[in-house]
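Subject: Structure handover

Hello,

Here is the structure I promised to pass on. Please open it next to this email and follow along.

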Amino acid sequence: MVSNEGNGGLPHESGRKRVVIVGLGMVGIAFIEKLIKLDAKRQEYEVIVIGDEPHLAYNRVGLTSFFAHREVKNLYLNPQTWYDELPNGSLSYHVNSLVTDIDSENKTVRTAKGDDVKYDILILATGSNAVLPKHTPGHDGKGVFVYRTIEDLEKLISFSATKTGTTGLVVGGGLLGLEAAKAMMDLEEFGKVKLIERNRWVLSRQLDGDAGGMVVEQVRKLGLDVMLSKRVGKIHVNEANEVTGVRFEDGEELECSCICFAIGVRARDDLAREAGLKCADRGGGIVIAPDLSTSIPDIYAIGECASWNNETYGLIGPGIEMADVLAFNLTQAKVHTPRKFTRPDLSTKLKLLGVEVASFGDFFADRDGPKFPPPGRGGAKKETEDRVKTLTSGPPPPPVKALTYKDPFNHVYKKYIFTMDGKYLLGGMMIGDTKDYIKLVPMVKGQKPMEIEPSELIVGKPGGDDDDSDLPDDTQICSCHNVTKGDVAVAVKDGTCKSIGDVKSCTKAGTGCGGCMPLVQSIFNQTMASMGNEVKNHLCPHFEYSRADLFNIIMVKKLETFEAIMKHCGKDPDSVGCEVCKPTIGSITASLFNKHVMDPGLKGLQETNDKFLANIQRNGTYSVVPRVSGGEITPDKLIVIGTVAKKYNLYCKVTGGQRIDMFGARKQDLLAIWSELIEGGMESGHAYAKSLRTVKSCVGTTWCRFGVGDSVGMAIRIEERYKSIRSPHKIKGGVSGCVRECAEAQNKDFGLIATEKGFNIFVGGNGGAKPRHSEVLALDVPPDDVIPILDRYLSFYIRTADKLQRTARWLENLPGGIKYLQEVILQDKLGICADLEKQMEDLVGTFFCEWTEAINDAGRREQFQQFANTEENIVDTIEPTAERGQERPSYWPKDSVTTDFRGTKWSDLAWQPIVEANKFKDVASGDSQAIKRGDTQLAIFKVRGKYFCTQQMCPHKRAFVLSDGLIGEDLATNKLWVSCPYHKRNYELSGKEAGKCGNDDDVNIATFPVEEREDGWVYAKLPSVEELDSVLGTSKFKIKKEDMPDPFVKLDAKLKTMKGRKGLQASHFEGGKGEVATAENILAGNGVGTPSIDW
């Protein structure tokens, strides 16, 4: 039975050996956990732990989070129930009990309450104390704190509440100092928080000057005032001994009301010294041997109080390693060679004030020389060294080479240190991008020669994503608790851990700083999957199904509407969903039933691009991309595109997919533009949809003298077959006529390369942010067999991929990878190939041009009116900029509009009819309309019969688009929001926080009362037109060209001086008409035999 007898009455003899631990901190509890686990069968020991704090063991690494929740229990490493549920006689714990004396002859310890406790084995895990500079005058003033325990934090919190608006100082720019500074900033009591550091940069024990300087730059941007090269000489106090300021050693003075010292820790060895244990003279600490024993038999020391080779360690990692070694030796050494504590790994990876920082291995080897060089590479000096040269020129540089990468724009710094030949990695440091930390640490610890060039560790290999698949089982993934990849995998495989929470409880991975959790989650997922167990991958809070599961349910039950899908599959049958599940359901229903996406009930599921069948651009206009299958286009169609673009003043650009994009189309002009294109024999190119975009081709045997196959003909046939089919993500294809690969088919979702026998088919490649080279699915496929194979491949992808998952990521995560895919698609391993082909045949058989159907349907045509209450339009919310003969929108300003719109104090509000209620559809996903009133644009939403009214402008980028956003709902809080279609800023529509942005505190929107009345109109309670326009008028937020400078001024000046250059619209012929005059001459029919065109 576990007992907590902090008020006296310690347990009696039990017949087992008694292990007494002094100190219930992170290292103490780690030792207890390991000892109890290893002793579970033998039951050789009973354990008593005595802690002087009034709390159970808590996470000191995560101490800063206490300022947010103020709940000590949230920091507990194990809950109270863990202690209570341990087997009878295994552990007795005592808090709020200070051990004051050790009697090593009688093997007893005495507490401050007078209790004597016998021990057979005594473990000292007393930790360390925060250093307070008692030599500094004023150190005992009211307002001087240290940052070490929960009690320290509680005192700081209470004191800060009495000093609102004053200045708080943190002295010390190390790990603890930055944590303390963040804590004081999070209190939001002090007007200013300043960090004082005596060195020229922060984190000087982990980073060099360049890296430390980059951290300084970043934390200053976060609002922390950092003062470098400063030492506190005196603390000023008033007559009441209250802190009023400091004087630095250089004479400068600074007013403040509070000082938190975070200048280091000192081992708590007083108890050990008084008991006669040998302690280190310099730096303190209880001297330990490699087996953690002290100078007195049966007494051991672990953690920050222990001194190994005259060093103490203020990091949790070495303490956990000590606990591991000692627990092993006490339980397993009778049947196994005892372990020894060796050089600890001081690598650290933390996130301080939002800045990722890591150092590993011998990270100062380029400054101090390698401390632990690989065997035979010590770099020792030769006896014949020129001593005169050494005296005059200084010692030679350390025998190492450093590889450095510095990106000041993205705040990334990496320095990796190698032996002179580049064969061994010794250590390094990282700022900003620390994802490689987990792979580099074992390379240093293993001291094995590298099989790659050093530069690959910085620039990496092209293509592929980082994951844990190539990590050996002994890779340490959690440095806080010394947990390896193998520890996690074994715990999952033996059935101990069935959830990520179990993994954290069993292995302690992720319970320290938490920085390892993404990797822990990845290892858990992959291990579970390898065992055939389910890893939950729910679509969103509204559905407890993955996208693949939901697809199959909808397919089998033939659920064609959002309402039916939510009723049968959703957690709440009446929910309106969110911006995550709605587009996914819209995509699934389109892949299965291919109804027009603008139909009632489906429109509210679509992202803005699909909602209006065109890609929305920065200025609220749209781009129009007609289909150009295989990149082949006739001169007549080029003329059609050119005349339409000229008529509607559209900016034209050739895309990477071999077609022409026309930008700047206003929503109210889309129908007219499409009509003219369709009249000219063209159709929608689906550039707006998560569907097939293009099948790129080279000319192949059509023209090329090297062509082996007809790449153009095959590309056109493929694109014509799969055009318009919706899929989890966009799909791109390519067909090359020979191995010269001009169509770049091997970086596409599917690609073909012609061979003498047919085509090689490649799948699972993509460009984009994470490029991936495709893999071979089949070789030498006859042309007649290409389509059936692609039918199966695409149908299988559409059925099984996750939401918004490209084929590259899908194939990477597919169990068995390309080999399994070949078995399914080519060998029909699952017996579904016929079904996959039929699924695709049915889908392509339902094709229709979405533009044409929108034009031909009156209900759909109505949706292209800019405002529901007027035919008036507001155009050019971003001032056009003319360049290179076309117009584009001026650059966005860098800053958002941070006006407190939701807090606007309107002088007078009155109910006014603003739009007819019949403009809104009663659909499960909600409906919305844009409204014009004066110069102000408003957005009206109807959800489950209730109306909501907000401003139309999203302040993030001054975009007047909120009525086109997706409506979301939080099941837990019953909140509604609209998600801006540009960058997913989510604004609440209901409740006390209506108008608040849930994911960007810098912006908010105005909201207004709104209701439907019996006369068939929707009324909003609004201020006068003049007052409304003065706050929300469109012209007030119009973006001007001069708002942002031209980034090419200097470059253009340089290019103008280069010889042989002409204006982009001019002719090289002397006296040539140039672009504009020649085009006008052609359109007028002068000299070319064509009739003039009447605009």
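First, a definition: helices (H or I, at least four residues) and strands (E, at least two) are DSSP runs, numbered from the N terminus.

Two notes on the source. The model is predicted, so local features need pLDDT of at least 70, side-chain atom pairs count only at pLDDT 80 or more, and totals for chains, interfaces and linings use all residues. Residues are numbered from 1 along each chain as its sequence is written, and side-chain values use heavy atoms, with hydrogens and water left out.

**The whole chain**

The protein chain has 31 helices and 50 strands. Its C-alpha atoms fill a box of roughly 115 × 80 × 75 Å along the principal axes. Of its 1095 residues, 52% are buried. Buried means under 20% relative accessible area, exposed means over 50%, and partly exposed is in between (1.4 Å probe, protein chains only). Contact means heavy atoms within 4.5 Å. Among contacts with a separation of 6 or more, 64% join residues 24 or more positions apart.

**Back to Arg 860**

Is Arg 860 buried or exposed? Arg 860 is buried, with a relative accessible area of 12%. Leave aside its neighbours within four places in sequence. Arg 860 is then in contact with His 596, Met 598, Asp 599, Glu 853 and Ala 854.

Compare that with Lys 905. Lys 905 sits in the loop between β38 and β39. This lysine is exposed, with a relative accessible area of 76%. Lys 905 and Val 49 are 856 residues apart in sequence. In space they are 61 Å apart, C-alpha to C-alpha.

Take α21 (residues 670-679). Its buried residues are Leu 670, Leu 671, Ile 673, Trp 674 and Leu 677. Seen down the axis of α21, they fall within an arc of 160 degrees, so they line one face of the helix. The arc is that of the directions from the helix axis to the C-beta atoms. What covers them includes β29 (622-624), α20 (635-647), β31 (660-665), α27 (850-856) and α28 (858-862). After α21 comes Gly 681, with a positive phi near 90 degrees.

Next is α5 (residues 175-187). This helix has 13 residues and reaches 19 Å from its first C-alpha to its last. That is close to the 18 Å expected at 1.5 Å a residue. The expected span is 1.5 Å times one less than the number of residues. Buried residues of α5 include Leu 175, Gly 177, Leu 178 and Leu 187. Glu 188 follows α5, and its phi is positive, near 55 degrees.

Then α23 (residues 783-800). It has 18 residues and reaches 27 Å, close to the expected 26 Å. Among its buried residues are Asp 791, Arg 792, Tyr 793 and Arg 799.

**Positive phi**

Most residues other than glycine have a negative phi. Asn 594 has a positive one, near 50 degrees. Asn 594 is in the loop between α18 (581-593) and α19 (608-611). It is buried, with a relative accessible area of 9%. Arg 958 also has a positive phi, about 55 degrees, although it is not a glycine. Look for Arg 958 in the loop between β43 (953-954) and β44 (959-960).

**Rings**

Rings of Phe, Tyr and Trp (its six-membered ring) pair if their centres lie within 6.5 Å; planes under 30 degrees apart count as stacked, over 60 as edge-to-face and the rest as tilted. How many aromatic pairs are there by this rule? The count comes to 18. One of them is Trp 892 with Tyr 982, a tilted pair: 6.0 Å centre to centre, 55 degrees between the planes. The pair links distant parts of the chain, 90 residues apart. Trp 892 is in the loop between β38 (886-889) and β39 (910-916), and Tyr 982 is in the loop between β46 (975-979) and β47 (986-988). Both are buried.

Phe 612, Tyr 622, Trp 674, Trp 851 and Phe 864 form one aromatic cluster. Trp 674 is also on the list of buried residues of α21.

The rule: NZ of Lys or CZ of Arg is within 6 Å of the ring centre and within 35 degrees of the ring normal. Arg 339 has its charged end over the ring of Phe 328, 5.6 Å from the centre. Arg 740 lies over the face of Phe 706, at 3.8 Å from the ring centre.

Best wishes
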